[in-house]
Amino acid sequence: MTRVLRWDVLVGALLVAVFATGSLTVPGFATTGNLSFALGDLGEIALIALAMTLLVVAAEVDLSVASVLGLSSALVGALWDGGLAIETIIPLVVLVGAVCGLVNGLLVTRLGLPSLAVTIGTLALYRGLAYVVLGDQAVAQFPPAYTALAVGDVPGTPVPYPVALFVLLAAVTGVVLHATGFGRALYAIGAQEQAAFFAGIRVKRIKLLLFVLSGTVAAFAGVVFTLRYGSARADNGLGVELAVIAAVLLGGVDFDGGKGTLGGVIAGVLLIGLLRNLLMLGDVSTEIQSIVTGLLLIVSVLTPRLVSVVRPALKGTP
Amino acid sequence: MSAHPTLALAGVSKSFGAVRALRDVSIELYAGEAHALAGENGAGKSTLVKTLAGVHRPDQGMILLDGEPVVFTGPADAQRAGVAVIYQEPTLFPDLSVAENIFMGRQPRRSLGRIDRAAMRAATRELFGRLGVDLDPGRPTRGLSIADQQLVEIAKALSRDARVLVMDEPTAALSGAETARLFSVVEALREHGCAVLFISHRLDEIFALCQRVTTLRDGQGIASEPVAGLTHDDLVRRMVGRDLGALYPKQDAALGDVALRVERLTREGVFTDVSFEVRRGEIVALAGLVGAGRSEVARAIFGIDRWDAGTVTVAGRDLPPGSPTAAMGAGLALVPEDRRQQGLVMEMSIERNIGLTGLRSLRRGVTISRRAERDRAADWAARLRLKFARLGDGVGVLSGGNQQKVVLAKWLATEPSVLVVDEPTRGIDVGTKAEVHRLLSELAGQGIAVLMISSDLPEVLGMADRVLVMREGRLTAEIPRAEATEESVMHAATRRAA
């Protein structure tokens, strides 16, 4: 495939086009304040998308991330209410997220169940646990030093702290995925699991690790979400998994595994973020925003397939 | 025999972009005749088959049906004209019965459009009767051997009144007995006036089964002639355009210490009490029928499957069960049976496939050195005389023989002390086959212990210092090179009276 026609490059171009259109037509879009807000608003999705990219490249998926985020938020609230220090709460909650991921991973690797089914199950389970922990109440009044970290910008820049963290983690993830043996192994597992296993790659161990990572990151995103809104609720982050998966697939990662780049995913995340922001500025209802996310998801899965059908037809059969 | 061939190609050319797959090729298939198509991988056999099957349309030349020019607009059109293709790996619906598979889409009906199962079974039984085959029409096709599945495909073709049967490497995955049965079916088809086009890399089969042979080389028809009067060497020369020398050049190598010792290895219900050892410099063949448990033993040794009892020792170290990583660490390498599923990641490039077994050794700091990866691939590609355009190309564009070389490269790059190869030359052309044999011999000469599983008896007899024979999950014989003959090996493999 020629370089110009690569999917992730196309998404990058689309991102630029949307940005340009937005700046020219929507007042208040291309301001530092708005863009900083848009990025901050994207923080949790972006963080979770990093771990999700690794999973999907290895031909697995974790649909329970938003529920882990909710459970984490509920736990933060309950424990804070119970008088624990926030410094104790954060590691504890992140650990719970790791355990949630471990449960997903064990069900997938030890019992050989499909991750799609397992994590639909735990999507309901973990959200249910969130309600058990906190019920319908909301807990607020977190220490200002911490909420400031979640909403504030890195001094001297318009970059919110969570975004700065994302940039750092994205760099690490990019290196891991594209330059290390571990990343190579992920692509091999996603493209041809049997051949990967025959090449001595510890397939199950790696998958287990990915699920634990996904749960951990989702729980941490729950902490960020809670502090950013200053409100712990069991229904926090409802439906975030769809936005994450839409961003990953839109970024050109094949749902069947083995294909995709982190650069593409970052472009996908930003594209979804910008579109959501534009819709918000245009006073479009959340229902319509949800429809747009859904359509993007379908388009991103459909287009590469269409291209792979149309391209040979244009060239003549090989 | 009628004056006109049932089906013929006259002066057919076909190009794909710059690649000229067929150049002015002619072939005539007569009723009642088995016609062999010989040629190395990439010679144009597949293109010719697909042209006959209506998948490709010739750029030049004609297809003649009973002497009349025809144009096949697609596979369905060719099927209507009576051309049926049996592929190496049949594609049946596993949960439907044998009879339902045969009559898929054309089931006999009763009133109200209900399917007449009794009639369908009876018709199936009649078809099997004509072929001299004993299969239950009512059983599901899941669990049938590949050989039986092929018979179902042949019956399906017959039920559609196929007059030309094209068989694309049907014997590649069959055992000796299954091949013999397939041959008798082909004889039956000929007697019913079918024209058969038979493709095989095993030249013995061409001599045993066919009356005529057409040889392709680089897309050109080299010769179309009666098989009688041809020798093995004649045919090889037509295919490769040169003399190959000995096909099985195992040199004597000094035997060293025991490199692999397998003791009383058992995996319940699969194989039992398997004990043997392989010394450095030795090639030991593991022979037997398909399903005797040979590949399963290899898989267990390498840690793909767990074993229930027994030990595997490599260079004095016991291996833990079920860990390919540990097996690799101990110096084992496995070139598996199924290249496309187990040997290669088809979507990855040549260099990345070769690098996949060296993710640790290619590391510089925390990242993989692309330069080291490319050097490793380039080095092994040169040593194995791999034919490729760029190392960054997908491994899927290579021919079968060259793909097998990539699998070998990937494992040789780990510098193993014990190399297990499972059907190393299945489905690859004669030229590459000779190269693989030379390579295995060289490796043994360098002191590597080689365990070779093969269903190709001449290969077993030509290459092995010792032949181990398995039957129904047990080792039944150990035959030294001097005493190994087709008879002694087949006898041990089938327990038939010699």
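The structure is a predicted model, and every value below was computed from it.

On one side, 22 residues of chain A take part, and they are in contact with 29 residues of chain B. Together the chains bury about 2200 Å² between them, and carbon and sulfur atoms account for 60% of that area. Within chain A, the residues that lose the most area to chain B are A:Arg184, A:Phe198 and A:Ala199, which together make up 34% of what that side buries.

One of these residues, A:Arg184, also carries a charged link to the partner chain. Its salt bridge is with B:Glu373, and the closest N and O atoms lie 2.3 Å apart. Across the interface of chain A and chain B, one salt bridge is found, alongside six residue pairs in polar contact. On the chain A side, the elements that give two or more residues to the contact are helix 8 (161–179), helix 9 (181–191) and helix 10 (193–198). Helix 9 of chain A supplies the largest share, six residues.

Turning to chain B, a sheet of six strands comes into view. This sheet is open, its strands follow the order 16-19-20-13-21-22, and the pairing is mixed. Its edges are strand 16 (332–335) and strand 22 (474–480) of chain B, each of which pairs on one side only. From one strand to the next, the twist averages 20 degrees. At one end of the order, strand 21 (residues 466–471) and strand 22 of chain B run antiparallel and are joined by six bridges. Here B:Arg466 stands opposite B:Pro480, a residue of strand 22 of chain B. The sheet also has a helix packed on it: helix 17 (residues 486–494) of chain B touches strand 13 (283–288), strand 21 and strand 22 of chain B. The direction of helix 17 makes about 25 degrees with that of strand 21 of chain B.

A second open sheet in chain B is built from four strands in the order 12-11-14-15, with antiparallel pairing. Strand 12 (271–279) and strand 15 (317–318) of chain B each have a single partner strand, so one side of each is left without a neighbour in the sheet. Strand 15 of chain B is held to strand 14 (residues 309–314) of chain B by two bridges, and these strands run antiparallel. In this pair, B:Val314 stands opposite B:Arg317 of strand 15. Helix 9 (residues 294–302) of chain B packs on this sheet, where strand 11 (258–267), strand 12 and strand 14 of chain B are touched. The direction of this helix makes about 70 degrees with that of strand 12 of chain B.

Another group of strands in chain B shows both kinds of pairing. Strand 3 (residues 34–38) and strand 9 (residues 212–217) of chain B run parallel, joined by four bridges; within this pair, B:Leu37 has B:Thr214 as its bridge partner. Strand 9 of chain B is also joined to strand 10 (residues 220–226) of chain B, this time antiparallel and through six bridges. B:Arg212 stands opposite B:Pro226 in strand 10 of chain B. Strands 9 and 10 of chain B form a hairpin with two residues between the strands, and B:Asp218 takes a positive phi near 50 degrees there.

Finally, the salt bridges over all chains come to 31.

Definitions and conventions: Residues are numbered from 1 along each chain as its sequence is written. Chains are lettered from A and ligands numbered from 1 in the order in which they are written. This is a predicted model: local features need pLDDT of at least 70, side-chain atom pairs count only at pLDDT 80 or more; totals for chains, interfaces and linings use all residues. Side-chain values use heavy atoms; hydrogens and water are left out. Contact means heavy atoms within 4.5 Å. Buried area is the accessible area (1.4 Å probe) that two parts lose on being put together, summed over both. A salt bridge is a side-chain nitrogen of Lys or Arg within 4 Å of a carboxyl oxygen of Asp or Glu. A polar contact is a pair of N or O atoms within 3.5 Å; within protein, one must be able to donate a hydrogen and the other to accept it, and residues adjacent in sequence count only if both atoms are side-chain atoms. Two strands pair if DSSP finds at least two bridges between them. Axes are lines fitted to C-alpha atoms, for helices over the stretch in contact, and angles run from 0 to 180 degrees between N-to-C directions.
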